[in-house]
Amino acid sequence: MDVDAVIFELYGLRPADFTAARDAHAARARREKDAAAAAAIGALRRPTLAVWAANLLARSHPDRAEALLRLGAELRRAYRELDGAQLRTLSHEQHRVIAALAGETEQLAAGAGEQLRETAVREIEGIFHGLLADEETARQWAAGCLRKAPTAAVGFEGLEPAPGAAPRRTADVPAPPAVDEKRAAAAREEAAEASAALQKAEEHLTEASVARDRAEAAAADLRGELAALQERVEAAQRAAQEAKRLHRQAEQARAKAERSAEKAARRLAERDRSEG
């Protein structure tokens with residue numbers, strides 16, 4: 001089974017249709033004895049509405065996706081080179097581009113039958129911001145196969161300046177926004193709890209999927225046995241009908257033989273009387 005083709009198909013579906021299609025592909029892989037494909041497909045998780053809409057934009061307008069990838073590359077290069085002027089220019093550009101892309105994504109989603117709430121639109125904007133700093137995830141999105149929103153980061157966290165780049169000056173490079181440590185700690189704790197709950201839910205879902213597959217296999221076996229029994233019943237009914245027909249023919253033949261015997265007996269009796 002072509003897992004990449006299945007992934008492309010699944011992440012183009014509306015979230016409401018994702019799970020059933022994924023499970024169907026995983027079941028087919030198991031029937032085909034492709035354990036690796038079944039495991040890879042079964043591990044895929046349904047995208048949020050915002051992630052689906054972002055994928056819809058990349059699939060519908062690959063030129064927009066490439067433009068965002070170029071903007072991200074320019075921002076990362078300016079950051080590595082500590083080019084404050086370029087960073088300020090590109091920072092203004094990114095807000096304009098992301099606002100336009102979010103609006104276009106909202107329209108595409110509406111055309112596909114999904115009216116996005118304001119929270120989903122904000123999530124889409126967050127996805128596009130995150131893609132600017134994450135080249136690998138950005139390319140996954142440009143292929144229309146983004147699986148989940150990129151992790152939110154402050155500035156270009158983890159990206160080192162290029163060797164030989166001049167030290168950043170406060171006037172050139174905008175400082176990252178201040179972070180409330182208590183709120184950040186609470187947010188991390190909430191994220192950890194949500195992650196644990198999600199993992200537990202996914203484990204339950206996996207167990208339920210396995211149980212469902214077993215039940216479906218057992219039901220299929222029972223349907224096969226029932227079909228075989230129905231065939232045997234129909235064959236027995238046909239045999240019974242044929243036996244009844246042969247029985248009627250035998251009774252008719254016996255009655256005819258009895259009549260012939262009676263006639264022969266009468267003729268014999270008449271001959272005996274005539275001779276006597």
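This report describes the fold, charged pairs and selected residues of a predicted model.

Local features require pLDDT of at least 70 and side-chain atom pairs pLDDT 80 or more, whereas totals for chains, interfaces and linings use all residues. Residues are numbered from 1 along each chain as its sequence is written, and side-chain values use heavy atoms, with hydrogens and water left out.

**Overall fold**

The chain has nine helices and zero strands; helices (H or I, at least four residues) and strands (E, at least two) are DSSP runs, numbered from the N terminus. Of the 276 residues, 26% are buried; buried means under 20% relative accessible area, exposed over 50%, and partly exposed in between (1.4 Å probe, protein chains only). The accessible surface is about 18,400 Å², and carbon and sulfur atoms supply 53% of that area; areas come from the Shrake-Rupley method with a 1.4 Å probe, and for residues only the protein chains shown count as cover. Among contacts (heavy atoms within 4.5 Å) with a separation of 6 or more, 72% join residues 24 or more positions apart.

**Salt bridges**

The structure holds 10 salt bridges, each defined as a side-chain nitrogen of Lys or Arg within 4 Å of a carboxyl oxygen of Asp or Glu. Three of them are tabulated here.

| Pair | N to O distance |
|---|---|
| Arg14 and Glu114 | 3.1 Å |
| Arg28 and Glu32 | 3.1 Å |
| Arg76 and Glu135 | 3.9 Å |

The side chains of Arg14 and Glu114 meet in a salt bridge. This pair links distant parts of the chain, 100 residues apart: Arg14 is in the loop between helix H1 (3-10) and H2, and Glu114 is in the loop between helix H6 (84-111) and helix H7 (118-133). Arg14 is partly exposed at 33% relative accessibility, while Glu114 is buried at 17%.

Arg76 forms a salt bridge with Glu135. Arg76 belongs to helix H5 (residues 62-80) and Glu135 to helix H8 (residues 135-142), 59 residues apart. Arg76 counts as buried because its relative accessibility is 8%; Glu135, at 42%, is partly exposed.

In the remaining tabulated pair, Glu32 is partly exposed at 42%, and Arg28 is partly exposed at 31%. Asp63, Arg64 and Glu104 are linked in a network of salt bridges.

**A buried histidine**

His25 lies in helix H2 (residues 15-31) and counts as buried because its relative accessibility is 13%. Leaving aside residues up to four places away in sequence, His25 touches Met1, Val6, Glu9, Leu10 and Ile41.
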